[in-house]
Amino acid sequence: MARLTIDRAQKRFGSYLALDHVSIDVEDGEFLAVLGPSGCGKTTLLRQIAGFDKLDGGAIRIGERLVSSAETHIPPEHRKLGIVFQSYALWPHMTVAENVAYGLTVAGVRDPERARRVAAALDLVGLNGFAERRPGLLSGGQRQRVALARCLVTEPSLVLLDEPLANLDVHLRAAMEDEFARFHERTGTTMVYITHDQAEAMALADRIAVMDRGRLLQLATPSLLYREPANATVAGFIGEGMVLPATVLSAPQAGRCRVDVLGLEAVVRCRPGQPVTDGAKLCLRARDIGLAAAGQDGLAAVVERLSYQGGHFRLEARPACAGDILLHLDANEPAPAAPGDTVRIAIHDGWVIPDAEALREAA
Amino acid sequence: MSLADTATLRTRVEETGLLWGLVGLVALLSLLPIGRLVVEGLAPGGQLSATALGKVLASPTTWTATWNSLVTAISGTVLAVLVGGSVALLATLTDIRARNAFTFCFVLPLMIAPQVTALAWLQLFGPSSTLLKLIGLAPPLGSRNPLYSREGIVLLLGLQYAPLVFLTLRAGLRALPKELIEAGLAAGAHPLMVLRTVVLPLMTPPLVAGIALCFVSCLGNFGIPAFLGIPGNFIVLPTLIYQRLAGLGPGVLSEVAILSLLIGVIAMAGILLQDFMMRRRDFRITTTSSAARPFELGRWRRPVEILLWSFAILVLALPFLGLLTTSLIPAFGVPLNAATATLANYAYVLIEHAASRRAFVNSFLMSAGAALLIVLICVPLGYFIVWKRSRALRLLNLAAELPYAMPGVVLAIAAILLFLKPLPVLNVSLYNTVWIIVFAYLARFLVLGLRPVVSGYLQIDRTLEEAAQVAGAGLPRRLVTVIFPLVAPAAVAGALLIFLTAFNELTVSALLWSSGAETLGVVVFSFEQGGDSTYASALATITVLVTVGLMLSTTLFAQRLPQGVLPWRD
Amino acid sequence: MTTQTRRNVLAAAALGALLATTPALAQAPSGKLVLYTSQPEKDAAQTTAAFKKAYPNVEVEIFRSGTTEVMGKLAAEISAGQPGADVLLIADAASMEILKGQNQLLAYPGAKTEGLQEGSFDKDKTYFGSKLITTGIAYNTAAKEKPTSWTDLDKPAYKGQISMPSPLYSGAAAIMLSTMTARPDLGWKLFEGLKANEAVAVRGNGAVLKAVATGEKPYGVLVDFMAYNARKQGSPIDFVFPKEGAPAVTEPVAIVKTTKNEAAAKAFVDFILSDEGQKLALSMGYIPAKPSVGSPSWLPEGTRINVMPSDIAAVVKVTEADKARFATLFGN
């Protein structure tokens with residue numbers, strides 16, 4: 001039984017369609033990340049799941065229970081979930097302990113049981129001595145953890161996190177990512193994690209839902225998302241993918257087929273049933289391409305930029321025959337070329353992006 | 001029905017019940033008096049008639065008074081905002097010393113009746129002015145006092161209501177977190193620029209609330225134009241109404257009702273303008289850090305402190321000294337010195353005159369009660385108006401202005417018309433009891449509580465409420481445990497305004513009081529009218545001292561209140 | 001039945017009928033009596049205390065406020081259909097005349113009006129003056145001039161130093177205006193002169209008293225008792241009855257038509273008009289409506305005040321026009 005079912009959810013703001021028939025099933029105990037750029041609808045989706053807004057169409061179920069639809073709406077206080085807001089939303093007039101204990105107080109849990117659970121929650125997030133402090137005096141990371149403790153103390157079966165690491169610095173972010181991962185492992189809570197940062201999503205999630213302009217583009221594991229993006233937008237969004245026009249030359253065999261891209265032939269991955277066609281798109285990642293060795297075939301490209309990444313270079317070049325495409329790859333030290341030079345780029349691997357129509361036929 | 005569904009149903013019932021309960025209450029307090037006046041204006045004696053309407057609209061005096069009212073109300077508001085606003089900024093954001101004491105002193109003049117202030121200023125500018133005589137600038141006996149003019153009225157209105165703007169703005173400034181100012185300063189902006197581009201835009205809700213309150217207060221003020229306008233032949237709508245009432249004759253109540261409705265229309269137009277200005281803009285402050293670090297004034301600190309304190313002394317001490325000196329002389333006009341000074345007035349007022357003692361207790365209980373009740377109504381009311389955007393309440397929001405804008409005497413007349421006969425079902429009569437006065441106070445001062453609270457809501461980030469919702473708290477619990485503490489500073493500002501205004505108010509209770517239900521304003525007024533100014537001054541002095549005492553006593557339990565609730569405590 | 005028995009029966013029946021129809025006369029008045037008054041509070045308290053001594057069974061409730069407020073309250077109550085007052089005692093007869101015209105007053109033909117000043121009571125016996133309040137000129141003891149007549153106020157020496165109660169806001173002042181402008185020796189010329197002399201019209205007598213006592217405006221048109229009471233307490237103020245005469249108002253008492261306690265109301269009127277009531281007014285510093293009772297302490301022995309008679313009915317007819325003219329003259 002899925003813990004959370006979103007079934008063709010629709011939300012309109014005036015004439016603007018913020019959620020366009022989004023359907024996602026989140027398994028019990030799964031860590032789902034909802035990834036997308038600003039304005040893609042992920043926060044709107046979160047607010048629908050939480051119940052702060054009403055749906056215009058479709059339905060949302062938590063477990064067996066219908067919580068949102070065009071006709072029904074169960075208010076947030078009866079949905080039994082937990083949320084960590086982007087701004088943490090800690091109540092300034094209460095101490096840390098009071099903030100964390102709130103959900104328990106509402107549920108009628110009294111001391112000493114309540115005090116015990118609050119202490120346990122604070123322990124879980126590593127804030128043992130902070131019970132009597134006021135939120136105004138805490139650092140960003142500490143507030144983050146209080147928000148998490150507050151969310152967890154009522155032991156909800158579903159936890160929503162709204163870009164929780166957005167306001168933290170890089171090191172803290174890494175540490176908190178660890179926290180979340182360990183926490184998820186330990187408790188097995190279903191978590192829905194909203195973010196625009198794909199590194200986070202990739203690191204933490206069991207599956208990622210990629211959204212753009214109110215639509216769900218692809219729902220898959222991070223690995224699948226990375227290796228087999230379902231369309232050009234996902235391909236470009238994840239892992240800095242490069243999308244090039246290609247012609248499929250042969251039928252798939254053992255998951256691979258031959259393609260011609262900008263005059264260069266290469267063997268790349270494709271889906272079974274990929275037809276031979278000349279209007280295809282190829283998704284390349286930086287690790288899929290490299291500077292051609294002596295004697296190897298390669299795409300002629302003019303180097304535009306070379307930036308040092310610490311141990312290796314990132315080389316950006318434009319193909320001579322397609323100046324509007326920017327390719328980038330990693331090259332070891334020492335610098336293999338300088339801006340303005342022409343280099344040859346070989347393609348080791350790639351993925352033929354399925355045609356949307358074909359996908360639909362297959363579905 | 002499943003357990004979850006009954007819970008949902010209960011939530012819905014709670015919310016809807018609360019909403020409609022509030023709608024009913026506000027309709028009762030605001031619409032009922034207005035409705036009764038409309039009936040009196042257009043259908044006196046039960047018969048539809050437009051004669052009063054025609055007479056009022058055709059009279060050129062009506063339009064002169066309307067124009068004058070608009071001019072003085074707008075100018076008075078501008079002055080009050082400039083004075084009250086700058087003082088609030090200086091007192092809250094800079095490092096001047098003795099900030100709390102200053103705030104305390106600046107708010108006190110709200111307690112002194114406008115006519116007392118007017119008289120004190122008149123004497124300051126008049127030939128018998130001690131101050132002017134000292135510096136040799138006293139005008140010769142009989143020369144025209146410059147305060148008997150439109151400019152004099154505007155000056156006094158501005159000074160009277162500057163503390164109002166001060167209170168609302170200060171409550172808002174206290175919610176401003178230091179990061180926002182520090183970010184501006186760090187970007188290299190001059191403090192004045194930070195003020196203009198960061199602080200003031202964010203302070204738009206409390207400023208606009210203060211402006212709206214101020215405008216309506218100036219529009220409906222009777223005491224100052226009565227004192228300064230009548231001799232100067234400068235008429236405004238409230239004094240015109242009083243004039244009509246004094247003239248008697250048939251149909252006078254209808255005319256008075258229509259003129260009051262005219263004031264109400266102008267007040268509502270002002271509020272609609274305010275609403276329009278605030279539309280579609282986000283004033284929410286999302287960080288929860290501590291109060292803003294003051295701007296440092298450096299070498300400007302001493303001059304600014306001197307300026308502020310001299311101003312407070314001028315505005316507060318002057319009228320109070322006038323009261324005090326008059327209370328110590330045996331008869332008006334007798335100079336005060338060691339030989340003439342007497343405490344006989346105090347003795348009479350405190351010991352002999354039973355009505356004075358009763359009036360103290362009555363006024364205190366009614367003002368404190370009204371302040372408390374109104375704030376209790378306004379917190380959920382503000383919730384539904386700002387966050388739930390309930391259309392019914394937003395309309396009623398406008399209606400709440402009317403009982404405050406119209407002259408007190410007209411509200412009293414409306415109350416009489418409404419409550420003279422016993423209440424329909426309960427068969428109990430409110431007339432000639434304290435309860436009719438309480439009703440009038442609730443109706444009149446509702447808006448004094450509502451404006452600050454609404455501006456408070458506009459500054460709060462709603463995720464704070466949403467977090468409580470997710471934690472399982474229903475609306476009543478959220479209102480009490482999360483929302484009320486957040487909106488408390490604004491609410492207390494409102495409660496204070498209501499208490500201070502109601503404690504001394506006169507025009508409403510002048511018609512509604514009865515034996516046993518006297519108010520301080522009524523007793524002082526009757527002393528004045530009878531030529532017993534000395535008794536009036538003694539009573540007024542005691543009132544001021546008692547109020548100061550009450551306000552000071554709040555600092556005793558200030559520790560237990562959340563930060564920022566009391567305006568004079570950091 | 002024999003003739004004697006018949007006569008006895010008739011006599012008994014007549015006596016019984018007499019007793020049955022005049023219970024009010026047989027019992028003293030009692031119950032609640034509501035008084036609306038604009039007298040100063042102290043005076044109202046004294047009056048009701050004295051009345052209670054005379055009629056101990058009557059419980060008096062007072063509503064006291066300015067004349068405008070009292071009349072406003074009464075108007076609202078009448079409009080709502082339930083006037084709350086039994087008796088009225090207010091400062092101007094013009095308001096009484098208007099109430100009479102609206103048929104709101106109860107006539108009391110049995111009131112004892114012998115000895116009362118001519119013209120101080122309504123000929124239809126609906127309202128009766130309780131005292132005489134004259135208006136004269138008050139001046140600060142330090143003032144340079146000592147006025148003796150109304151026309152003195154038009155002299156240049158008084159420019160900018162005069163205040164007077166505004167007829168637009170004070171019923172008594174309105175009566176004064178109409179009375180004085182009707183006189184050929186004063187007329188509107190007096191007021192035009194006042195205007196030229198920059199006289200200031202303030203809200204009421206209280207404001208005039210303050211202005212004179214502080215010296216702000218050393219000359220003022222003021223009611224007699226206020227000036228004299230202030231002087232008694234030490235205020236630097238003096239008072240003069242101008243040569244041409246002093247306009248007077250009578251502070252009338254009347255019974256409201258819808259009174260629930262007619263007996264007590266009539267008793268109140270009787271009390272006010274009685275020697276005892278008139279002596280009380282005297283002791284409070286007023287000129288009584290019944291001259292035989294005496295004159296107040298501040299009036300020098302044997303002085304005859306030249307009272308300007310006012311025909312109230314005539315005043316009421318012209319008051320609106322006069323007030324409008326005043327308003328235009330003084331620039332509203």
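Here are some notes on this three-chain model, which is predicted, going from chain contacts down to single residues.

1. **Who touches whom.** Start with the chain pairs. Two pairs of chains are in contact, and chains B and C share the most contacts of the two. Chain A and chain C do not touch, and their nearest C-alpha atoms sit 49 Å apart.

2. **The B–C interface.** Here 48 residues of chain B meet 56 residues of chain C. On the chain B side, the elements that each supply at least two residues are helices H12 (237-247), H13 (252-278), H19 (408-419), H23 (509-512) and H24 (520-529). H12(B) gives the most to that side, with five residues. If you sort the chain B side by class, you get 26 nonpolar, 18 polar and four charged residues.

3. **The A–B interface.** In this one, 25 residues of chain A are in contact with 24 residues of chain B. On the chain A side, strand S6 (82-84) and helix H2 (96-107) are the elements giving two or more residues. H2(A) gives the most, with four residues. By class, the chain A side that touches chain B comes out as 16 nonpolar, seven polar and two charged.

4. **The nonpolar core.** The largest nonpolar core runs to 405 residues, and the ones with the most contacts inside it are A:Val352, B:Ala415, B:Ala440 and C:Val87. Helix H20 (residues 434-458) of chain B contributes the largest share of this core, 18 residues. As background, nonpolar side chains tend to be buried together in soluble globular proteins. For a close-up, take B:Ala415: leaving out residues up to four places away in sequence, B:Ala415 touches B:Pro33, B:Ile436, B:Phe439, B:Ala440 and B:Leu512. So B:Ala440, which is on the list of residues with the most contacts inside the core, is also one of the residues that B:Ala415 touches, given the 7 Å C-beta cut-off for a contact.

5. **Chain A overall.** Chain A has nine helices and 20 strands. Its C-alpha trace spans about 75 × 50 × 40 Å along the principal axes. Of its 363 residues, 43% count as buried. Among the contacts in chain A between residues at least 6 apart in sequence, 63% join residues at least 24 apart.

6. **A five-strand sheet in chain A.** This is an open sheet with antiparallel pairing, and the strand order is S15-S19-S16-S17-S18. The edges are S15 (289-291) and S18 (327-332) of chain A, each pairing on one side only. Ignoring direction, neighbouring strands are turned by 45 degrees against each other on average.

7. **Two cis peptide bonds in chain A.** Both are worth a look in the viewer. The bond from A:Asp111 to A:Pro112 is cis, with omega near 0 degrees. A:Pro112 is in the loop between H2 and helix H3 (113-124) of chain A, and H2(A) is the helix from point 3 that gives the most to the chain A side touching chain B. The bond from A:Glu333 to A:Pro334 is cis too, with omega near -10 degrees. A:Pro334 lies in the loop between S18 and S19 of chain A, two strands of the sheet in point 6.

8. **Domains of chain C.** Chain C is divided into domain 1 (28-130 + 250-293) and domain 2 (133-248 + 306-329). The C-alpha centres of these two domains of chain C lie 26 Å apart. Between them, 14 residues of domain 1 are in contact with 16 residues of domain 2. Helix H5 (residues 93-101) of chain C gives the most to the domain 1 side, with five residues. That side divides into six nonpolar, five polar and three charged residues.

9. **Positive phi outside glycine.** C:Asn103 has phi near 60 degrees and lies in the loop between H5 and strand S4 (105-106) of chain C. C:Asn103 counts as exposed because it has 9 C-beta neighbours inside 10 Å. A:Arg8 has phi near 50 degrees, but its place is in strand S1 (residues 2-13) of chain A. A:Arg8 counts as partly exposed because it has 13 C-beta neighbours inside 10 Å.

Methods:
Residues numbered from 1 in each chain as written. Chains lettered and ligands numbered in written order. Predicted model: local features only at pLDDT ≥ 70, side-chain atom pairs only at ≥ 80, totals over all residues. Pairing = 2+ DSSP bridges. Axes fitted to C-alpha atoms, helices over the stretch in contact; angles between N-to-C directions. Nonpolar A, V, L, I, M, F, W, Y, C, P; charged D, E, K, R; others polar. Domains from an automatic or database assignment. Core = buried A, V, L, I, M, F, W, Y, C linked by C-beta atoms within 7 Å. Buried ≥ 20, exposed ≤ 12 C-beta atoms within 10 Å, placed from the backbone.
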